[in-house]
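Thanks for coming, everyone. Have a look at the model on the screen, and I'll walk you through a few places in it.

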Amino acid sequence: MTIRKYMPSDGEELAQLFYDTVHTINASDYTIEQLNVWADGNVNLTLWNQSLSGHFSLVAVENGIIVGFGDIDKTGYLDRLYVHKDYQRQGIAAALCDRLEQKFSVEQITTHASITAKPFFAHRGYDVIREQQVMRGGILLTNYVMKKCGVVS
C-alpha cells in the first residue's frame with residue numbers, strides 16, 4: 001500500500017468510497033434514515049475538493065485502487081477518515097492516521113468520531129470529551145467529540 005497526497009481527480013472515487021463505507025460499515029450502528037442523511041450519494045465534488053485541498057489530505061492506494069483517505073486541518077481537527085468497505089481491519093486507517101497526526105505541530109488532535117469509529121480512536125489514545133447529537137436533514141446522528149493530547153511533533 002502507498003499513501004500519497006490527495007489530488008482533485010480523486011474526488012469521484014472518494015465520494016463512492018465514502019458512500020459505500022458509510023452504508024456498509026456503519027450500518028450496524030445507525031438506522032437507514034441516518035445513513036441516508038450522512039451519505040446520500042450526492043456529494044458536491046466542487047465543495048469536497050475545496051475542503052480536501054484546503055486540508056492536509058491523504059489517499060491510501062493498493063494495486064491501483066483507492067482503499068482509504070483522511071484529512072486534517074492546521075488546527076489539528078481530523079475531519080475525515082474512511083477505509084474502503086472491502087479493506088477494513090488491514091491497518092489502513094492506522095497508517096493514514098499516523099501520517100495525519102504527525103503533519104502539524106499541535107498540542108492536541110480533535111475529531112468527531114462516529115459510534116463505529118469510537119473504539120478505533122479510543123485505542124489510539126483519544127479521550128471522549130462528550131457525546132453529541134448532530135442534526136442532518138431533520139435526522140439526529142450520534143457522534144463523539146474526541147481529543148488526543150500531547151501530539152506535538
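Start at Val134, which stands opposite Leu141 in β7. This is a predicted model: local features need pLDDT of at least 70, side-chain atom pairs count only at pLDDT 80 or more, and totals for chains, interfaces and linings use all residues. Residues are numbered from 1 along each chain as its sequence is written, and side-chain values use heavy atoms, with hydrogens and water left out.

Now the strands. Strand β6 (residues 127-136) and strand β7 (residues 139-149) pair in the antiparallel sense, over nine bridges. Pairing takes at least two DSSP bridges between two strands. Helices (H or I, at least four residues) and strands (E, at least two) are DSSP runs, numbered from the N terminus. The hairpin of β6 and β7 has two residues between the strands, and Gly137 takes a positive phi near 55° there.

Next, Thr111. Thr111 sits in strand β5 (residues 108-114). Is Thr111 buried or exposed? Buried, with a relative accessible area of 2%. The cut-offs: buried is under 20% relative accessible area, exposed over 50%, partly exposed in between, with a 1.4 Å probe and protein chains only. A polar atom of the Thr111 side chain lies 2.9 Å from the backbone oxygen of Leu78. Leaving aside neighbours within four places in sequence, Thr111 has contacts (heavy atoms within 4.5 Å) that include Tyr77, Phe121 and Tyr144.

Last, helix α1. The buried residues of α1 include Leu14, Leu17 and Phe18. The buried residues of α1 pack against α2 (32-38), α3 (45-54), β2 (56-62), β3 (65-72) and β4 (77-83).

Definitions and conventions. A polar contact is a pair of N or O atoms within 3.5 Å; within protein, one must be able to donate a hydrogen and the other to accept it, and residues adjacent in sequence count only if both atoms are side-chain atoms.
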